[in-house]
Amino acid sequence: MFPRKRTEGAKVDEGVPRGAVPKKPKVECSNSEVAAEGSHRPPHGMACDSNGSNGADIDEDLHSRQLAVYGRETMRRLFASSVLISGLNGLGAEIAKNLALAGVKSITLHDEGTVELWDLSSNFFFSEEDIGKNKALACIKKLQELNNAVMISTLMGELTKEHLSYFQAVVFTDISLDKAIEFDDYCHNQQPPISFIKSEVRGLFGSVFCDFGPEFTVVDVDGEEPHTGIIASISNDNPALVSGVDDERFEFQDGELVVFSEVQGMTELNDGKPRKIKNARAQSFILEEDTSHFGAYEKGGIVTQVKQPKVLQFKPLRDALRYPGEFLLCDFSKFDRPPQLHLAFQALDKFKQELGRFPVAGSEEDAQRLIAFAISINESLGDGKMEEIDQKLLHHFANGSRAVLNPMAAIFGGIVGQEVVKACSGKFHPLFQFFYFDSVESLPVEPLEPDDVKPSNCRYDAQISVFGSKLQKKLEEAKVFLVGSGALGCEFLKNLALMGVSCSQKGKLTVTDDDVIEKSNLSRQFLFRHWNIGQAKSTVAAHVASSINPSLHIEALQNRACPETENIFDDAFWESLNIVINALDNVTARMYIDGRCLYFQKPLLESGTLGAKCNTQMVIPHLTENYGASRDPPEKQAPMCTVHSFPHNIDHCLAWARSEFEGLLEKTPNEVNTFLSNPSEYTSAMKNAGDAQARDLLEHVLECLDKEWCESFQDCITWARLKFEDYFANRVKQLTFTFPEDSATSTGAPFWSAPKRFPHPLQFSTSDPGHLNFVVAASILRAQTFGISVPDWISSPLKLADAINKVLVPDFQPKKGVKIVTDEKATNLSAVSIDDGAVISELITKLEGCAKKLPAGFRMNPIQFEKDDDTNYHMDLIAGLANMRARNYGIGEVDKLNAKIKAGNIIPAIATSTAMATGLVCLELYKVLDGGHKLEDYRNTFANLALPLFSMAEPVAPKLNKHQDMSWTVWDRWIIKGDFTLRELLRWLKDKGINAYSISCGSSLLYNSMFPRHRDRMDKKVVDVARDVARVEVPPYRRHLDIVAACENDEGADVDIPLISIYFR
């Protein structure tokens, strides 16, 4: 079955279901949305409807993380794209999985072969029951489960050129070079061209070739938001110098185009014309334009990068083979490797063409035949031939060439999946045109003998043909701790199951995750299905992983790995492990696991993703530095006064909106309930605090139960309308009264100079959709906190307007003497008063009187922010708050999706980069479990699939400390076996040439030489001193006590020694 024949401007098949979201009652008025992506003509071969977009709705609850990477326009193009995948080995399965999760319109699977036992170590769709079935048919059911909105079909017969015309992109993972050239020629010459991708995984070697046609337009080369800057000055010169404000950096590059807006004085620049810049610096750049005759710059102005489309001219495969151009390099220690692999893959094709099979693993004869083919091809290249062929490399290549290893399939499945997305959408820069990769350093340290790689008629035979049976046994007997079973965790579980890790009774895989499955997880956490929503992630993931490989010995836990669960993940647990794999999404958890691995000297394989980017870090005992040895600088936070009074970008408005949401709907209702639960205890605590914060809390509680009390939905409408007036009119009037437009600072400089923006109050209107939507969302959520039902008429614009018009809005007069915080270093906006105590007493009196009037047992319903439910009005209110505030300050507004991404702190995520990261980590897993590998064998990686960029380097060694003839690193821990006294401990250190002057346990000081009374402790057991002084009770599952000793040498210089563990049991 095929999708409809591809035509330029083809409409989307409206019969494809797209998971409709239940509609909540909404006012029938359009939101004013800011376009997330500029409108443009799709690059060739990109399907869209006659209006330039896909008619199918995007399920934002499902695809929110992916939308944060791609945007709506790219997603619509994906929804309209049909893709062919030919070759359903492990690589084909990975590509199909990633594209199904991405949500292309249709995927057609082609393979003429049948499933063999050999395939079970790389294709997670296959089971032993599928052996003998057609590969494409064996994949279709499980692939369809990943996304019911994608049409999945199969083609089992011979593929012809005419078949290809149905698709925007075609991918081949197992095709002869001659056939590939024939198909690529056809695709290249179509109008519009069909994007052609050929990729292979052969043992520890992989290749990709892309041809997207003679002229392919890249709409967005990197996917990053256009850079913007705030202008401080522009000179009247030729060329002109543009300077920025002191606390903001320009991020522009020489030769880029920029546009200006909001410039006062030199208004000629506000014409929207792109202008070229040069000499770009952090605080300035040169504008290549004569501004000497323009008006004089006065103030203000925003400069914004203009992202230009890029046209690439791809060569067809037949030409690119002989003249490949520059290869994309991923590992600078192998800068001469790509040409060798370019030749190796051609030699392998020749070998298969001549002999009708792959080289046999361990066969010296077959390896020499392949080398001979490579030499012959090289000689035919004339001036383009290589001077020397790496025969050792080709030997490795020949030995593993039949095997499709799961980690390699995961890596290349991510890369190729992303290239298909680029081909269908024009989003991100395509791979141009060849990419080669190898990981020969993953091979066992000890040379493999032919008998080691012989097949044993098991599902791991392909892996054994590369690594040998001894390493396979180590994999099966490994004791592994996987921390997290989200997007990374699902991919890891699939990889480990296919590789046979912990698949014997001697092995064990422990996975833990305290989270449950949500709808938004389903677009990338591929072990989960819609019927699993609400269930424990680790339990479901472990069950599905066991179905991939029934021999997997796995235990699923729902505990967060943290100090509070050290009775579960105790010393015996950590000591039993061979390796730890992190699949976490926050730094705090990573730091904790890093500390545990450091303490117990366990290898830690670390990885993370951010949109199209991913990174991996290997933490190997005594070889590398630990994860916590280097940290990214903290993100710059906007000053509190900027967010609350002087925003100058939409992020500030969203931060304020999120803060107000939580204050109004969660914190204040919680505070009300705390008071009502125990009024006397609450009021006593407030009196004891007696500060500005206590005063503010009491004011909010009293306001909620008195002046802003709601009994009916009309009361909620009134509250929402008055909140609008307070936020977007009265506060602005007060601010501009306190600081008029012509205000000056104490130095005489204009107060309202960049980056400050002078605000203007809003005039409420029931004819403004943004105003109405704010009132609707605010009133509905207010009603929820008071347990008031929402009437049906809320969805009627006329009845809503009538209800709003009934609200009496009092006149507002700004007051003199109101203090507004302008100090950027301030951390509290509450003004301290000497009368706080008296005011608090008065507030408590009023509050106690108010409480007597409340209905018996009344409690409020606090609302906790939930970004991933599009029917709950949370994001409607936050977007409304942010956009109305943006209007006040003349800042561009944001649509609800982008508001959700920013206010909800959504981490952009896609399946392709996740798959690649886990594949890279699992290549390192082979090295760790094999043992004996040197530092230079390991690889840390940073990759950006958008560019694309791959950067691999060996890890950094740990810092080495030395004293006399001793040396140690952060990995070392000094062990004392015996129940030592303090005196014995000091003597033990003295024997090492170290004088301890202070000993501590946790945060308590056990001994310090400066305190005479501490000498009375000298003959007490260290454990007893820790119990008596530090209140440390060593739990029964622990046999030792950890202490930290501050030491110096005989010359008085400090010596930083390792942690000391006293094993007293």
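The model is predicted, so local features need pLDDT of at least 70 and side-chain atom pairs need 80 or more, while totals for chains, interfaces and linings use all residues. Residues count from 1 along each chain as its sequence is written, and side-chain values use heavy atoms, leaving out hydrogens and water.

C641 sits in helix α16, residues 640–645 (helices are DSSP runs of H or I with at least four residues, strands are E runs with at least two, both numbered from the N terminus). With 2% relative accessibility, C641 is buried (buried is under 20% relative accessible area, exposed over 50%, partly exposed in between, with a 1.4 Å probe and protein chains only).

| Residue | Phi |
|---|---|
| F428 | about 80 degrees |
| Y873 | about 70 degrees |

F428 lies in the loop between α9 (406–425) and β15 (434–438), and counts as buried at 2% relative accessibility. Y873 is in the loop between α23 (836–851) and α24 (874–889); at 5% it is buried too.

There are cis peptide bonds as well. One runs from Q191 to P192, with omega near -5 degrees, and P192 falls in the loop between α4 (177–188) and β5 (195–202). Another joins N238 and P239, with omega about -5 degrees; P239 is in the loop between β8 (228–234) and β9.
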